[in-house]
Amino acid sequence: MKEGAATTRFALPSRVLHWLMAPMVIAQLLIGVTMVAALSYYPLLLAIHRPLGVLILGFAVVRLANRLRHRPPPFLSTMSGAERRIATWSEYLLYALLLVQPLTGWAMLSAARFPVTLVGPLRLPGIAPHNIDVFAVLREWHGAFAFLLFLTFTAHMCAVLFHTLVLRDRLLDRMALWRVRPASPPDQAEL
């Protein structure tokens with residue numbers, strides 16, 4: 001790969017963490033919706049939801065540390081100033097939600113004195129006082145943050161699809177794990 005092409009992509013650790021975490025977040029959102037809609041599967045889904053939330057929290061901390069160490073590549077020239085600001089602030093919002101959402105769930109369970117069991121006897125300590133009113137507030141926040149995470153994640157996916165399928169500006173190449181072909185010159189028919 002040419003040296004110039006490398007600067008247009010995120011650092012390899014950033015790309016690996018992104019693609020490891022994306023399916024976890026999608027699964028967690030689907031599990032959360034299914035937990036509410038299909039109560040017969042609730043115990044099984046809850047047993048998956050809690051440790052997966054802890055795993056997402058761990059990955060979010062690692063991703064944030066990685067993000068602070070590696071500057072992102074410059075924005076594409078096809079993005080306006082407003083799009084660049086929206087992309088930057090939506091990235092901050094995603095990082096915040098990926099940290100706050102699992103912490104809110106953990107605190108909610110702590111307030112209800114429900115243990116967060118990871119594997120077998122391994123449990124997380126409580127991080128909130130046992131209080132039913134605190135539990136109720138945290139439960140509302142957990143639901144609101146989940147909805148906001150869903151909206152932010154969906155907006156992120158729509159933006160990537162728009163750039164990939166409509167603008168065809170190779171935005172996805174910045175985060176790709178696969179080998180990226182150099183951009184070909186525009187076809188005369190497209191001009």
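Where is Arg 113 found? Arg 113 is found in the loop between helix 4 and strand 1 (116–119), where helices (H or I, at least four residues) and strands (E, at least two) are DSSP runs numbered from the N terminus.

**Basis of the model**

This is a predicted model, in which local features need pLDDT of at least 70 and side-chain atom pairs count only at pLDDT 80 or more, while totals for chains, interfaces and linings use all residues. Residues are numbered from 1 along each chain as its sequence is written, and side-chain values use heavy atoms, with hydrogens and water left out.

The mean pLDDT of the protein chain is 90, and 92% of its residues reach 70 or more; pLDDT is the predictor's confidence in each residue, from 0 to 100. Confidence is lowest in helix 1 (residues 3–6), with a mean of 42, and highest in helix 4 (residues 81–111), with 96. Over residues 1–6 the pLDDT is below 50, and this stretch has two contacts in the model beyond near neighbours in sequence, a contact being heavy atoms within 4.5 Å. Where pLDDT is low, the predicted coordinates should not be read in detail.

**Overall architecture**

The protein chain has five helices and two strands, and along the sequence these follow the pattern α-α-α-α-β-β-α. The C-alpha trace spans about 65 × 30 × 30 Å along its principal axes. Of the 191 residues, 32% count as buried, where buried means under 20% relative accessible area, exposed over 50%, and partly exposed in between (1.4 Å probe, protein chains only). Among contacts between residues at least 6 apart in sequence, 69% join residues at least 24 apart. The chain exposes about 12,600 Å², of which carbon and sulfur atoms supply 70%; these areas come from the Shrake-Rupley method with a 1.4 Å probe, and for residues only the protein chains shown count as cover.

Helix 4 has 31 residues and reaches 44 Å from its first C-alpha to its last, close to the 45 Å expected at 1.5 Å a residue; the expected span is 1.5 Å times one less than the number of residues.

Thr 152 is found in helix 5 and, at 8% relative accessibility, counts as buried. Leaving aside residues up to four places away in sequence, Thr 152 touches Ser 90, Leu 93, Leu 94 and Leu 97.

**Salt bridges**

A search of the whole structure finds two salt bridges, each defined as a side-chain nitrogen of Lys or Arg within 4 Å of a carboxyl oxygen of Asp or Glu.

| Salt bridge | Closest N and O atoms |
|---|---|
| Arg 67 with Glu 91 | 2.7 Å apart |
| Asp 173 with Arg 170 | 2.6 Å apart |

The pair of Arg 67, in helix 3 (residues 42–69), and Glu 91, in helix 4, links distant parts of the chain, 24 residues apart. Glu 91 counts as partly exposed at 22% relative accessibility. In the other pair, Asp 173 is buried, with a relative accessible area of 17%, whereas Arg 170 is partly exposed, with 28%. Side chains of opposite charge can pair when their charged atoms come close.

**Positive phi angles and the loops**

Most residues other than glycine have a negative phi. Arg 113, although not a glycine, has a positive phi of about 60°, and this residue is exposed, with a relative accessible area of 63%. Arg 170, also not a glycine, has a positive phi of about 65° and is placed in the segment after helix 5.

His 130 lies in the loop between strand 2 (122–124) and helix 5, and counts as partly exposed at 47% relative accessibility. Residues up to four places away in sequence not being counted, His 130 touches Ser 110, Ala 111, Ala 112 and Arg 113. The C-alpha atoms of His 130 and Val 62, which are 68 residues apart along the chain, are separated by 29 Å.

**A nonpolar surface patch**

Leu 12, Val 16, Trp 19, Leu 20, Leu 177 and Trp 178 form a nonpolar patch on the surface, with about 530 Å² of accessible area together. Patches are made of residues with over 30% relative accessible area and no salt bridge, like charges being joined within 9 Å and nonpolar side chains (Val, Leu, Ile, Met, Phe, Trp, Tyr) within 5 Å. Leu 12 is found in helix 2 (residues 12–37) and is partly exposed, with a relative accessible area of 47%.
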